[in-house]
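This report describes selected features of one protein model. Please examine the sequence and the structure before reading on.

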Amino acid sequence: WDGFLGIVALTIAIVLLVIWIANKFRPALFKCKLNRLALAGQMLDASATFVALQFFRCGEQHVLPRLLFGAFGPAAFFAVKIPLILLVLHYVDKEFEKPEQENLKNFTKLFIIVLGFAPGLRDLLTVAVGTCL
């Protein structure tokens, strides 16, 4: 349970910190609940990966993250994911401004949410059931 609770606590802390900082520079970015969910999903993925690699015997399957983690450690995932998700959300909000593009904008954000929560929940549950010990 330590890994599970650590991942959840780390995710919540980082999401709140990023939203607090972003509100200082671009307050409109996280007024949309889908943007907050997209951030939360991506941070769950980053937190679960970080905890699984740093504190358990899990390994990374993908080539680029493995190179990144080998060079800078698992914490580098946050340094990549946070600016990237902020940039993508800014771009989606900027490019799909017209009312007739609202469905496309929401679908794109839903896609980002799923891309974060799916691997994040998988890694969270992998740590929780102890298959990375």
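A residue counts as buried when its relative accessible area is under 20%, as exposed when that area is over 50%, and as partly exposed in between. The model discussed here is predicted.

**Two residues compared with the cut-offs**

V51 belongs to helix α2, which covers residues 33-55. The relative accessibility of V51 is 7%, and V51 is therefore classed as buried. In sequence, V51 and V127 are separated by 76 residues, yet their C-alpha atoms lie 8.5 Å apart in space.

L17 is part of helix α1, residues 2-25. Because its relative accessible area is 46%, L17 is partly exposed. Together with W20, I21 and F25, L17 forms a nonpolar patch on the surface, and these residues share about 490 Å² of accessible area.

Helix α4 spans residues 76-95. Its dimensions are listed below.

| Property of α4 | Value |
|---|---|
| Number of residues | 20 residues |
| Span, first C-alpha to last | 29 Å |

Which residues line the second largest pocket? They are Q42, F77, V80, K81, L84, I85, V88, I112 and L115. Helices α4 and α5 (102-129) each contribute at least two residues to its lining. The largest share, six residues, is supplied by α4.

Note on methods:
Residues are numbered from 1 along each chain as its sequence is written. This is a predicted model: local features need pLDDT of at least 70, side-chain atom pairs count only at pLDDT 80 or more; totals for chains, interfaces and linings use all residues. Side-chain values use heavy atoms; hydrogens and water are left out. Helices (H or I, at least four residues) and strands (E, at least two) are DSSP runs, numbered from the N terminus. The expected span of a helix is 1.5 Å times one less than its number of residues. Patches are made of residues with over 30% relative accessible area and no salt bridge: like charges are joined within 9 Å, nonpolar side chains (Val, Leu, Ile, Met, Phe, Trp, Tyr) within 5 Å. Accessible areas come from the Shrake-Rupley method with a 1.4 Å probe; for residues, only the protein chains shown count as cover. A salt bridge is a side-chain nitrogen of Lys or Arg within 4 Å of a carboxyl oxygen of Asp or Glu. Buried means under 20% relative accessible area, exposed over 50%, partly exposed in between (1.4 Å probe, protein chains only). On a 1 Å grid over the protein atoms alone, a cavity is a set of points where a 1.4 Å probe fits but cannot get out, and a pocket is an open set with protein on both sides within 12 Å along at least five of seven lines; lining residues have an atom within 4 Å of a point.
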